[in-house]
Amino acid sequence: MGILDDIFGNGDAKDLKNEVNENETRTEEAKLLLRQEELDISKSRVQTGEVEFGKEIIEEQKIVDVPVLREEIVIERRTLNNEQSDSPITAEETIRIPVSQEKVDVGKRTVITGEVIAHKHDIEETKHIDETLKREEARIKEFGNPDVVDNVSDQQYH
């Protein structure tokens with residue numbers, strides 16, 4: 001196994017094979033595995049923030065002018081020309097006149113003035129990924145004048 005042991009390793013069974021062909025000629029075969037990097041792109045959802053909304057109570061002073069009615073008694077005194085009366089003078093004659101006014105009652109009630117609705121929607125955008133990838137290629141060096149046949153079975157390498 002000689003020269004290939006020096007180039008490709010210590011001659012382990014998995015790296016070197018001895019094969020016998022139909023002509024009983026021994027050939028040594030060695031493999032050099034070529035690798036390349038590929039992009040492995042995945043997406044995950046991460047929280048970038050949050051929105052919180054609620055209510056705040058605002059107090060304000062409201063001044064309203066409300067017109068109200070009230071009654072007033074007007075007493076008029078007239079002098080009469082001393083006309084004669086048939087009624088005797090008594091202390092029991094009383095006249096009552098009810099007097100009223102409008103009273104303002106202030107109450108409070110709650111009414112709905114609007115609503116706030118929040119929802120999310122997805123926006124699709126494209127992210128530009130610029131990454132440098134590495135790959136291995138075989139480099140063949142020929143020393144002297146050997147006969148080399150380079151059979152390429154995979155069209156991946158140009």
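Some ground rules. Residues are numbered from 1 along each chain as its sequence is written. The model is predicted, so local features need pLDDT of at least 70 and side-chain atom pairs count only at pLDDT 80 or more, while totals for chains, interfaces and linings use all residues; side-chain values use heavy atoms, with hydrogens and water left out.

Confidence comes next. The score is pLDDT, the predictor's confidence in each residue, from 0 to 100. The mean for the protein chain is 82, and 80% of its residues reach 70 or more. Strand β1, residues 16–20, has the lowest confidence, with a mean of 44, whereas β2 has the highest, at 78. Over residues 11–21 the pLDDT stays under 50, and for that stretch the model has 22 contacts beyond four places in sequence. A contact here means heavy atoms within 4.5 Å.

Now the layout. Helices (H or I, at least four residues) and strands (E, at least two) are DSSP runs, numbered from the N terminus. How much of the chain is buried? Of its 158 residues, 1% count as buried. Buried means under 20% relative accessible area, exposed means over 50%, and partly exposed is in between, using a 1.4 Å probe and protein chains only. Taking contacts between residues at least 6 apart in sequence, 63% join residues at least 24 apart.

Which residues does Ile73 touch, leaving aside its neighbours within four places in sequence? The contacts are with Ile97 and Val99. Ile97 is 24 residues from Ile73 along the chain, and their C-alpha atoms are separated by 8.4 Å.

On to the second largest pocket. A pocket is an open set of points, on a 1 Å grid over the protein atoms alone, where a 1.4 Å probe fits, with protein on both sides within 12 Å along at least five of seven lines; lining residues have an atom within 4 Å of a point. The volume of this one is about 920 Å³. Its lining has 20 residues, and Arg45, Val46, Thr48, His121 and Asp122 lie nearest the centre. That lining divides into eight charged, seven polar and five nonpolar residues.

Last, salt bridges. Side chains of opposite charge can pair when their charged atoms come close. The rule used is a side-chain nitrogen of Lys or Arg within 4 Å of a carboxyl oxygen of Asp or Glu, and by it the count comes to six.

In one of them, Arg78 pairs with Glu76, with the closest N and O atoms 3.4 Å apart. Arg78 counts as exposed because its relative accessibility is 68%, and Glu76 is exposed at 58%.

Lys103 and Asp105 form another salt bridge, at 4.0 Å, N to O. Lys103 is exposed at 69%, as is Asp105 at 63%.

Then there is Glu137 with Arg135, at 2.7 Å, N to O. Glu137 is partly exposed at 33%, and Arg135 is partly exposed at 41%. Salt bridges with shared partners join Arg135, Glu137 and Arg139 into one network.

Definitions and conventions:
Grid points are joined across faces, edges and corners, and a volume is the space filled by probe spheres set on the points. Ala, Val, Leu, Ile, Met, Phe, Trp, Tyr, Cys and Pro count as nonpolar, Asp, Glu, Lys and Arg as charged, and the others, Gly among them, as polar.
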